[in-house]
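Let's take a friendly look at how parts of a protein model meet. Keep the picture open while you read.

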Amino acid sequence: MAYSATAESHDHHDHRPSGIWRWLSTTNHKDIGTLYLIFAGVMFFVGGSMAMVIRLELFKPGMQFVDPAFFNSMTTVHALAMIFGGVMPAWVGLANWMIPLQVGAPDMALPRMNNFSFWLLPFAFTLLLIGFFVPGGAPAGGWTLYPPLVLQGGDSFPLAVFAIHLMGASSIMGAINVIVTIMNMRAPGMTLLRMPLFVWTWLITAYLLIAVMPVLAGAVTMLLTDHFFGTSFFSASGGGDPVMFQHVFWFFGHPEVYILILPAFGVVSEVIPTFSRKPLFGYEAMVYATASIAFLSFIVWAHHMFTVGMPLAGELFFMLSTMLIAIPTGVKVFNWSATMWKGSLTFEPPMLFCLAFLFLFTIGGFSGLMLAIAPADFQYQDTYFVVAHFHYVLVPGSIFTIIAAVYYWLPKWTGHMYNMTLAKWHFWLSTIFVNVLFFPQHFLGLAGMPRRIPDYATQFADWNMVSSIGGFGFGLSQLLFPYIVIKCIRGGEKAAARVWEGAHGLEWELPSPTPYHTWETPPSIALIHKGGEHWTEDGDDA
Amino acid sequence: MNMKKLATAIATVTVALASPAAFAAWTLNMTPGITAISRRVYDLHMIMYWWCVAIAIFVFGWMIYSLVRFRKSQGAVPDTKLVHNTKAEIIWTVLPVLILIIMAVPATRTLIETDDASKSELTIRITGYQWKWGYQYVDSGVEVLSTLDHASNAARQLGSGIDPTTVPDYLLNVDHPLVVPAGVKVRLLISAQDVIHSWWVPALAIKKDAIPGFVNEAWFKIDTDKTGLYRGQCAELCGRDHGFMPIVIDVRSKADFEAWLKTQQAMQRPADPAAAAVATAGDAAAPTG
């Protein structure tokens, strides 16, 4: 087959430094992908342990364990670590691994920049986490960094700003790399509308990143000059405008939440067809829906700010534009459901996690729709209802699909199968506990519990205890994941090239594990069309 | 079978949400509140909820049916040509548009209504501080500073050893509540002194950010039969003690309120007759406490 020639002919220049220097100096997309994924895994556990502190303090009413200021640091750094350290690097890692394999490219287009964009991250998070040990403690003004509160921060404030600058630079470089790779390095015959959806969703995500990360960098830079250089961008007493920060922040922030979820849509659009043994329903509609969601993300930002006192016209505009998002999102959910319709379904771990995504992300969508209704949002805003909403779309949304992606491609990366039984345990425990953890938070929010409080009135005690129990269960269950992955890297049953019976696409034409260098000779048109049968109606168009 | 469990769970929650009175401490839902607007908001919330339930029954039903019916272990053979169906795709694009329009109409109406603070009979200026609320009755100059009550404050200290369940209205009680009249349209002018706070009383369905340098407006008109105490909290992270600056409103009949205001006026005015006038004329961001 075509792949064996590719694999063997390049072994002779498969030389690389050994030990730590290999990882520091690597320009190989697979090595860098692995680094990103390991980093993301570590940050998930760092951010997760902060969530455990939060749930521990909220286990029952009264202050038992931490000072309120430290509690605020926990919620703030938990969010920053999970968003910028966990979910985003995980997606970049998956992009690094899979995009070249899926479009038939030998590597990412800009391999040295690739190395640089990864190695900025450990420095960024060192700066952020060192905040715990400086006077004033870690950032505690919320991940949204609203002034004037954020300007009351101690020495960790400039550290956090520089950390965000580095993360932003890293993300922008990663995004440029993705776009250049997809635009220039697709194998001949891999037309745009033949690309797997993971590639498509990442392409759109990369444009979002380039559009909004500089906006965040600008916003935090203005905070920095307000704090240290006497400017008054956001200070009312100097003629500035604290609400302007919120507009700028959410102009970044809303596209940002789609940066976290669009690649997840890509993964689900790969996994569900594979385990339904049926091509994705409505491939082109999926591409257009993703693009529509990306476009809408730029015109809905102020729905995070319904209570700041916008003029009526503004509230109306942002309410109605937000409701529009339900349409392309609905198209996606219907297309996934239609993909399973008349399929031949099996329930391996990647499929199980994607099914949990399908149900639970939809629940997050429902609460999102409710939150879009501005007058009702006056009651929901800044309560646990919002906390429940965004954790439903981020945990069973983004994180479950990251787990699904790892379970889907891990045998391809390592050449070994993992322990399916344990992975199914991981799925069931995660899915049950994530609901015990977050579903009661809807009730807490509706009953009137504000978010970001370290202690609460006694009528909120029951559901908080349930939620905390779910939190501890969910946190403990996640320890299974590194165990399963590490065991799989070390050994296990040999994986076939086409790991899953129904898998289609170029990556499955390569041997498992993938050789260090792949597609140095582009895949043949026939091979691309073979993958293309998967999503085009009659297989041999183009 | 796990899907059955899921369906049962959804049904249970649905039934429970529909009957808010059935659970005491295990509160599941929003309360309808004490103003016409708050009931409109509650109705809006419930309409949205039932729409979501209806859509969920359809979407989840479809998914669950597929999961049961099209299993490979049950001999399902994939129909690999089923990748497109124009009619279905048009339906599931157009139908949501129609549903959204149906949802948007009452939402827009309520939004317009909440925005109209005209013809108010009483104006109260609210100022957020780290970590207490200041209230000023603009016409009479009466001022109230409202902080967490002593019992809660003692119990909420780290390692206080005081069981919060023994403290009445733990964390939701203040030394001086905001006294307001029932049956009168009251306008609120909301601002802050230091950082952003948010004044939230669920029973009024009012949550408005208190922002330094800005004056936000809100209004309410409480039903005449809804006198009593209603509680809320600061809803915007405002620093270390954000969780410890509750709001209590004491709703009294118009006559009782006027009597209370007169007493307060008599108590406060002799001390500093100029203060009230200055505060009334000054801008809302200026210190009032």
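Chain A and chain B share two salt bridges, a salt bridge being a side-chain nitrogen of Lys or Arg within 4 Å of a carboxyl oxygen of Asp or Glu. R240(B) pairs with D67(A) in a salt bridge, and their closest N and O atoms are 2.7 Å apart.

This is a predicted model, where local features need pLDDT of at least 70, side-chain atom pairs count only at pLDDT 80 or more, and totals for chains, interfaces and linings use all residues. Side-chain values use heavy atoms, with hydrogens and water left out, residues are numbered from 1 along each chain as its sequence is written, and chains are lettered from A and ligands numbered from 1 in the order in which they are written.

## How the two chains meet

Chain A brings 99 residues to the contact and chain B brings 92 residues (contact means heavy atoms within 4.5 Å). About 8300 Å² is buried between chain A and chain B, with 72% given by carbon and sulfur atoms; buried area is the accessible area (1.4 Å probe) that two parts lose on being put together, summed over both. On the chain A side, F334(A), F359(A) and Q379(A) lose the most area to chain B, together 9% of what that side buries.

## Inside chain B

Chain B has domain 1 (2-115) and domain 2 (122-281), with bounds from an automatic or database domain assignment. Each of these domains gives 11 residues to the contact between them. Together they bury about 830 Å², 61% of it on carbon and sulfur atoms.

One salt bridge is found across this domain interface. D223(B) and R39(B) also meet through their side chains in a salt bridge, at 2.7 Å from N to O.
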